Amino acid sequence: MEACSLPVELWRVILAYLPLPDLGRCCQVCRGWRELILSLDNTRWRQLCLGCPECRHPNWPSRPHQEPPSWREALKQHALCTRTWTLNGPELQSSACLLFFRRRKDRRVWHVGPGCEFETLRGAIGVAGPYDRVVLHPGVYEEQAEVVLKVPVELVGLGRPGEVALLVCLEQQCPTARLCNLVFMPPWFSTVVYKTSWGHVQLDNCNFEGVQLQIRGPGTCQARFCSFSQGSSAHLLGVVLSLLDSCDFSGSDAASVTVEGPPVYEKNWACKHLAALVRTFPPCGPSGDSSHPGSPPTGAAGGHQTPTADLKKEYASTEDWQRRVGVEAECEGTVIDGDWSDGDRSEGEEEHRGAGKNPLVSDYKVPCDQHGLSHLLKPQPDGSQPLASSPDPPSACPVPLTFQQELDRDPEAQALATSTLGCILRRCLFREGKGGVHLSNFGQARLEGNVFRGLNYAVRCIQNATLVMLRNEVCECRASGVFLRLSAEGLIAQNNIHSNAEAGLDIRKGANPIILCNKIHSGLRSGVVVLGNGKGSIRSNQIYNNKEAGVYILFSGNPVVNGNHIFRGQAAGIAINENGRGMITENVIKENQWGGVDIRRGGDPILKNNHICYGYSDGVVVGERGRGLIEGNHVYCNKGCGVWVMSSSLPQLLGNYITHNCMYGLAVFCRKDPENTEARDGNWPGQEGEAAGGEEGDEREGQENLNEEGELFAWESDLDSEEKRHSARRPISVALVESNCMSYNGAVGLYVKSSQPLNVFANLVNSNRGTGVAVLQSGQLTRLVNNCILGNGRGGVTVEQDCRVELRGNGVYKNSGHGVAFCGNGQIVENDVVGNRGYGIQVSGSADIKVLRNRVQPAHGCGVAVFGPVKGVVHDNLLFQGHPGNRKALLNLDPGNESCVLRNNSVLRHNNGCKSAPPWALENPPPRPLASSPSGLSLSQYPSRLGISVTTRISATVESVCHGGSMFCSIL
């Protein structure tokens, strides 16, 4: 445009008066004119788009207040969509070009209405030729019988939307037809107002009131800016491809859209054009939120406040977290059971507490740092502290993958994301009715950018149907948001599912969907429920602020739960009950009110490599009859225990880091904890109702999702046998705690009050504020083998009266109390007890004990002290003197005790006169636990399945020598 021309602002005013064809011609003049025409987007292009009688606001019906990115593009998209019905290949691609022009020239317009050429619709259709337009003037048109469309025709209502009403049933028997700006109401003889079984129909800006639209494959349908109200619905049976775009569905009595049957093999002419049109659609979503799925949401519909914490970074130190959640910095006197407190000290411990402030002279220490688990305590090559010896909790946790990253690693999800078969619904609004979309019997549908609000359910997918849901909003449903069952499958990704009365997603009876990168939050019950042999892959989702468990698995549900952030729930993060299973890996489970993971009543998951942290109760709860493999998890900074286990359960805990929890690291109980009975028993509000809701049937609204359409709650017929269930993992008969790290917990590292046997093997228990290991009750044998118990704030190992315990091959080093304080029955064999501030080994009460081949060096006090009527033998032990100022007898036995036998014990004292004497060392074998023991925490070197043979390994080493009358003989 030349410089001498008019100002740009004036040109814009002038061009704003041009009609659409003239604007197109001006765009072709030159580049300057084109840019000028394109700059009219918010003025002239907006007027043209909103003034078109055949369409509505581009973001109608779900977001009419939101401006489109470009009004010109919206008008262009509308123009492309309105021409689909005329792209009939056999008609337009003739070799004679004049045929096309002749058809356009001969196209006639017929007017119907009072005072027009025809007064009835039937009369106009009877004379209309191919591609003629029938214009209906405002009024009501009723026909007493079905009207058949035998030639392609266009029916257009004149006037404002709603002024032309049809009480008619139309059957299409021609290749194509278009209906625009009409209102359909049911005639007296049928509720079906339009049906086709092989042709293509295009519906623009039509209203359906209390009627049905029926499309049967290979017929196709394209509906845009249509309204379905007063119980209206669309039924698509065996369709290959149909498109419902920007439609409003409200007040449905059943499902608003029903897709049934597999797509037929035969395709009509419109399929390729609809597929090409779908590929031109830009991605759409209810909120336009393109934030990284791993970042916290910035807002949610319905007035719910969403969390703002950074999911990538955690709190910098334990003190920061304690200040944030209001936890007392001093947890040393924590009391769980009324008859024992971690704050209690024995007489010998208290006696040497003050003396222990002076460190042991290094010249006289027996070196013990090169034990079999010492590699876990050494600094990393970059100089950082390893997790086992770091006084601060982990500062970062995994970030969820983006949707594109998930697609790149999953070809099946990628194929589903690009599929276009079946019914395609985009940018539609489903509201205030019973159901949204129902898929059944191998039906296929793709839902993109829709809003489902105030329904009984949003989507139900059953009987081998395939569902693709992308970027939809599902909220305020009176039951669950999305149901999948009876072998349904598909892809559910990037949806915002919130504020539903039941579960956000309900998966059962063999359904196996892929669930990626969704926000599932603010539900009145659970976020995701998997039950009744349901499966599924649940990955990289944000699941938060739900009233019950974020993910609830029961009745043989067996999903893969990977890479999710599950946080700020009002109950457990993940609950596995009633024989539920599942592979639960690499999730971040944080800030939940109750246990991060709750396993009970036959639950048997695989729980691997998760971050379970900052919870307001326990990290992991294994309740009554719970099972499962719990391996390689990071459990830290929970306000209760790191792991809470009921003795009637049979878990395998392998290679976990259980650190910086405010109470016990690992607690094993034989009865409920009185401080948190309800939560640890699994009876959170409404939980029983969800498990048994199906039995209630229709007794209360909102429960039909558990027992609909006469289906029985008889999962037993679908369950695998017990042998098949456990074929992947060798079953165990004794709970196993192996190769874990329990460090920097606020009370005892390992607390045992159990009525069942327990195997504790090759664990690192260090730097806890209380005792390293405390066994207060052990009705059956508890085995502590090849553990390293180091630097704890109280004693190393405490065993109370009447407990049955075996200590073998452990290293008990540098604890602030007694190394081993033993009042129960059992044996202490081949342990290294060095550098503890109290006694090395103290045996008291009426214990029945064998103390054999131990190496003991106390910092102060006795090496081995026997008080009271102890029955047993103490022989072949090697005792080193500790601090030179220690005048206590290294081997002490009450004078009146005749039932305890001392023999072949060696005592080494310092020789101040011989300065050339070699320093003492633990040799043959080196410091325990021995390096040949499974180091455990290096999971690549230690297969978890080998750990379950620990019972056999330990039993093979039981002492064959026995003193007369020992109770320990009956234990073995």
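Predicted model: local features only at pLDDT ≥ 70, side-chain atom pairs only at ≥ 80, totals over all residues.
I begin with Cys637, which sits in the loop between strand S48 and strand S49 (643-646); helices (H or I, at least four residues) and strands (E, at least two) are DSSP runs numbered from the N terminus. Its phi is near 60°, a positive value in a residue other than glycine. Cys637 counts as buried because its relative accessible area is 0%, where buried means under 20%, exposed over 50% and partly exposed in between, with a 1.4 Å probe and protein chains only.

Residues are numbered from 1 along each chain as its sequence is written, and side-chain values use heavy atoms, with hydrogens and water left out.

A second residue with positive phi is Phe442, at about 70°, although Phe442 is not a glycine. Its place is the loop between strand S22 (435-440) and strand S23 (444-448). Is Phe442 buried or partly exposed? With a relative accessibility of 43%, Phe442 is partly exposed.

Let me now turn to the overall picture. The protein contains 18 helices and 75 strands. Of its 972 residues, 60% are buried. Among contacts (heavy atoms within 4.5 Å) with a separation of 6 or more, 55% are between residues 24 or more positions apart.

One residue illustrates such pairings along the chain. Leu377 lies in the loop between helix H11 (347-351) and helix H12 (403-409). Its C-alpha atom is 9.7 Å from that of Asn766, although the two residues are 389 residues apart along the chain. Leaving aside residues up to four places away in sequence, Leu377 touches His371, Pro386, Ala388, Ser389, Leu764, Asn766 and Leu790.

Next, the surface. The protein exposes about 36900 Å², of which carbon and sulfur atoms supply 51%; accessible areas come from the Shrake-Rupley method with a 1.4 Å probe, and for residues only the protein chains shown count as cover. Leu6, Leu10, Val13, Ile14 and Tyr17 make a nonpolar patch of about 500 Å². Patches are made of residues with over 30% relative accessible area and no salt bridge, like charges being joined within 9 Å and nonpolar side chains (Val, Leu, Ile, Met, Phe, Trp, Tyr) within 5 Å. A salt bridge here is a side-chain nitrogen of Lys or Arg within 4 Å of a carboxyl oxygen of Asp or Glu. Val13, one of the patch residues, belongs to helix H1 (residues 8-15) and is partly exposed, at 46% relative accessibility.

What of the interior? The whole structure holds 8 cavities of 30 Å³ or more. A cavity is a set of points, on a 1 Å grid over the protein atoms alone, where a 1.4 Å probe fits but cannot get out, and lining residues have an atom within 4 Å of a point. Points are joined across faces, edges and corners, and a volume is the space filled by probe spheres set on them. The second largest cavity has a volume of about 50 Å³. Its lining includes Leu387, Asp392, His634, Tyr636, Tyr657 and Thr659. Strand S48 (634-636) and strand S51 (657-659) are the elements that give two or more residues to this lining.

Finally, two cis peptide bonds. One joins Asn924 and Pro925, with omega about 5°, and another joins Arg928 and Pro929, with omega about 0°. Pro925 is in the loop between strand S75 (906-908) and helix H17 (950-955), and Pro929 also lies in the loop between S75 and H17.

Key. 1 Å grid on protein atoms, 1.4 Å probe; cavity = no way out; pocket = protein on both sides within 12 Å on 5 of 7 lines; lining within 4 Å.
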